[in-house]
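Have the model open as you read.

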Amino acid sequence: MKYKLYPFVLFFIGVVAFGQQNITVESIYRGRFRTQDMDELQALKKSNQYTVLNYVPTTRSTQIDLYDFANLQKVATFIDTQSHQGMPMVDSYSFDADEKMILLACNSNAMYRHSFTADYYLYDLSNKQITKLFDFQIQEPTFSPDGKKIAFARDNNLFVYDIASKNTIQITKDGVKNAVINGICDWVYEEEFAFVRAFDWSKDSKKIAYIRFDESQVPEVSMPVYGESLYPQMVTFKYPKAGERNSEVSLHICDINSQQTQKVNLSNYSDFYIARLQWTNDANVLSAQILNRHQDNLDLLFIDGTTAGAKVVLNEKDKAYIDVTDNLTFLKDNSFIWTSEKDGFNHIYYYDKNGKLKNQLTKGNWEITSFYGLDEKTNTLFYQSTENGSINRAIYKIGLKGNNKVALSNGTGTYEATFSADFSYFIQTFSSASQPTTYTLNETKSGKELKVIENNTALSSGLKSFNLPQKEFFVLKTEKGNELNTWILKPKDFDANKKYPVFMTQYSGPGSQQVANKWNTIDDYWYMMLAQQGYIVVCVDGRGTGFKGAAFKKVTQLQLGKYEVEDQIDAAKTIGNYPYVDKNRIGIFGWSFGGFMASNCILKGNDIFKMAVAVAPVTNWRFYDSVYTERYMQTPQENAGGYDDNSPINFAKQLKGKYLLIHGSADDNVHLQNTMQMMSALIQANKQFESQIYPDCNHGIYGGMTRIQLFNKITNFIHENL
């Protein structure tokens, strides 16, 4: 439940001028401050090389370029769309296992957060031949491990395309819109379990396992799309709200040669989720992760590819909920790496092929934030963690026995890594609140930097003329004794003898983090613009946010919005007592979960906050989807008080300050219903408020001039009321 910024493909042009340059909403959301990045960076598996998707502005074309890890030299251009007549630009790409063929996605059409359809082209690196696969768009094409076939989805069914014969066989035939989906996730799985492709090839390329979603009994949501036609069109899709019926899921294994399909017996489970499926390194063993509806019990199953018989090899329970990850990694002998919060912090565990624990590899009051992989030649694991502090990220390696740990990054900020095939090199991505994104080549023996790839010096130079304020990080301690990570932006000409208005921004959702020592997001420049205009801007990560251990994150269980709102109100009280703050001019802003929070804060903290802006807010958790909401709240039938006690709708009569409510009319995630019912509650409470609906905009509210108009509106509201 997040909103996404869509950066423009524009780069910063340095400004030579006298005095301070002022940031504007227009400059921010036209992409003036965008960093130079390595788009679609992929490390190859068969060689110590990597590829990057480069956009060529002069020819408006794209090319996939090959580079060598050892010296960063460009080895070749695999494909340049300019060289192929009528070839559209490439949006994304994937290799077959031997890295001799590439699937190119073009003309992508977004469906929901992660899903899209596209035109796909097959490029053969050996003969430089390019072939458009079909005259229709498909989803999630995936090479078989032997590189001879491509499985894909279309119209809710699964198909397999034979590359040599160019013949296609249909694996499933019962797919029907808003009824049955094969091999592709339904809306709520995609949004909350964060995957789209619900099928996987066995390692010998003989079988495909897939999830079938029967969503025929799931309630529907319909949204009007106004467009420019005479009559609006209705878009209808299945959306299970908290406490309502989910898709009935089943797991199937299809033998490609015989085209015979077996259903895996999961009759021991009822009202459950198949949160992940993945073939192990044993070509006849499939793994699946089964979650109960409360998401506090997870079984890792191993399933026989011939008999479809299943056995539990690992079980995890939690008093609150279990976070599903993509960190399950199988070694050659089918032993596996797993991450878990079972000791109170997220750490790495090593199990044998039967699910017996061999070793807990990492320990401490810090979190594993990414697992990068295992070098089986040296039995060394590589990971990212918060060992440098919860607002930072660092890169480490450690032996498979939990020994010989080495820090591969040595500064303070946010480090990420992309490793070469043999783990001898990695591309390090580093940024901090004061350092734009930098890409370097490093060796993994000690982490030593070998060469700078990109350090965004043009951006750094151009920003000097803006004389921007710097974030100050600190731990805010509330009167109740809660210690909360915080950043603050003060005007560059800050005078401690003056009284400043304070604008608080937050998201606050479970496991999230907004107070992080990394380079600016687009919104950060808006906060800096406000600081230039005389506001102090503050962000506080309250209880319920992530990377400080399970107890801190999961304290909000069954009471979503209770402790989070308390912490924002208490933080505002503390900040209001600073000698340079006007405690009568404190405002709060949030989007999505943050909008839910901002709404509650202006109501429950009506003596603290003078104004609030809520964009695309949840206003009653009964309106939100089952998977997300029940993970933290259980169902409304089980926990009515938890839902009602923290719903802004139920406290509309407490509004005193100025309130701006914003929503996109085509928001498939947080439905417009939330804002409409909030409006109704405010109207019936005879409360005045401001509102703005963005026609045909989804949860991100973007497109054309939309973001510029939106943030100008919010900025003006802040000026008028703070």
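## What lines the second largest pocket

The lining of the second largest pocket splits into 13 nonpolar, 8 polar and 9 charged residues. Here Ala, Val, Leu, Ile, Met, Phe, Trp, Tyr, Cys and Pro count as nonpolar, Asp, Glu, Lys and Arg as charged, and the others, Gly among them, as polar. This is a predicted model, with local features needing pLDDT of at least 70 and side-chain atom pairs pLDDT 80 or more, while totals for chains, interfaces and linings use all residues. Numbering starts from 1 along each chain as its sequence is written, and side-chain values use heavy atoms, without hydrogens and water.

The pocket holds about 730 Å³ of space. A pocket is an open set of points on a 1 Å grid over the protein atoms alone where a 1.4 Å probe fits, with protein on both sides within 12 Å along at least five of seven lines; lining residues have an atom within 4 Å of a point. Points are joined across faces, edges and corners, and the volume is the space filled by probe spheres set on them.

Of the 30 lining residues, Met111, Tyr112, Lys177, Val235 and Phe237 sit closest to the centre. S17 gives the largest share of the lining, 4 residues (strands are DSSP E runs of at least two residues, helices H or I runs of at least four, numbered from the N terminus).

## Helices H4 and H11

Asp523, Trp526, Met529 and Leu530 of H4 touch Phe711, Ile714, Thr715 and Ile718 of H11, contact being heavy atoms within 4.5 Å. By class, that contact has 6 nonpolar, 1 polar and 1 charged residues.
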